[in-house]
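Hi everyone, thanks for making time this morning. I'd like to walk you through one model, so please have a look at it before I carry on.

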Amino acid sequence: MEQLNEIHLIGRVGNVRLAQLSSTKAAKITLATSYMYKNRDGAVVEEVTWTTVSAFESSRIKDLDEIGKGSILEVRGRLRQIKYTDDNGTDHNTYEVVARSLQLIPSEMLHPAQSI
C-alpha cells in the first residue's frame, strides 16, 4: 500500500531532549522552519513555524547526540495527530513529525540567499 503521509522539512534546531528507552535512544526535537515573502506594501515578512519532531535511533537515524541547538537539520517522516484532554476537561489537538530519517546539513551547503 502506498504511503500518503509524508513530510519533508529543513530547519534550525531549537531544543533537543534525549531519552534512553530500554535498548534504543529517543529524541524530542523542536525545529524552526521559515518562509519569507513580500506583503502588499513590499515589506519582507518572515513567517517562522515551530514543529515538534520525535526521533528514535535506528538504521536510518544515528548519532542523536550530535544534534544540537542551532544545527540545520533535514527531517523526513510522517505527520501524527495527538489528541488529549487537559485537567479542565478541554479537548486539544496537536501535531508532531515522527522522523523516518534525519540528516545534519553543514551551513556552508546552504545557498547564501537561504536563511533558515
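Predicted model: local features only at pLDDT ≥ 70, side-chain atom pairs only at ≥ 80, totals over all residues.

Let's begin with the lining of the largest pocket, to which strand 4 and strand 5 each give at least two residues. Strand 5 makes the largest contribution, with 4 residues.

As for volume, the pocket comes to about 250 Å³.

The largest nonpolar core has 15 residues, and L102 is one of the four that touch the most other members, together with I29, L73 and V75. Which elements give two or more residues to this core? They are strand 1 (7–21), strand 2 (24–38), strand 3 (44–56), strand 4 (72–85) and strand 5 (91–105). As general background, nonpolar side chains tend to be buried together in soluble globular proteins.

Leaving aside residues up to four places away in sequence, I29 touches V13, N15, V16, T51, T52, V53, I67, L73 and L102.

Now for the strand pairing. Strand 1 and strand 2 run antiparallel and are joined by 8 bridges. Within this pair, A19 stands opposite A26 of strand 2. Strand 2 also runs antiparallel to strand 3, this time with 13 bridges, and here S34 faces V48 in strand 3.

Both pairs are hairpins, and their turns deserve a look. Between strand 2 and strand 3 there are 5 residues, and G42 in that turn has a positive phi of about 90 degrees. Between strand 1 and strand 2 there are 2 residues. The one to notice in that loop is S22, whose phi is positive, about 45 degrees, even though S22 is not a glycine. For comparison, most residues other than glycine have a negative phi.

One last thing to ask about S22: is it buried or exposed? S22 has a relative accessible area of 74%, so it counts as exposed.

That's my tour, and I'm happy to go back to any of these spots with you.

Methods. Residues numbered from 1 in each chain as written. Heavy atoms only, no water. Core = buried A, V, L, I, M, F, W, Y, C linked by side-chain atoms within 4.5 Å. Buried < 20%, exposed > 50% of the residue type's maximum accessible area, 1.4 Å probe, protein only. Contact = heavy atoms within 4.5 Å. 1 Å grid on protein atoms, 1.4 Å probe; cavity = no way out; pocket = protein on both sides within 12 Å on 5 of 7 lines; lining within 4 Å. Points joined across faces, edges and corners; volume = space filled by probe spheres on them. Pairing = 2+ DSSP bridges.
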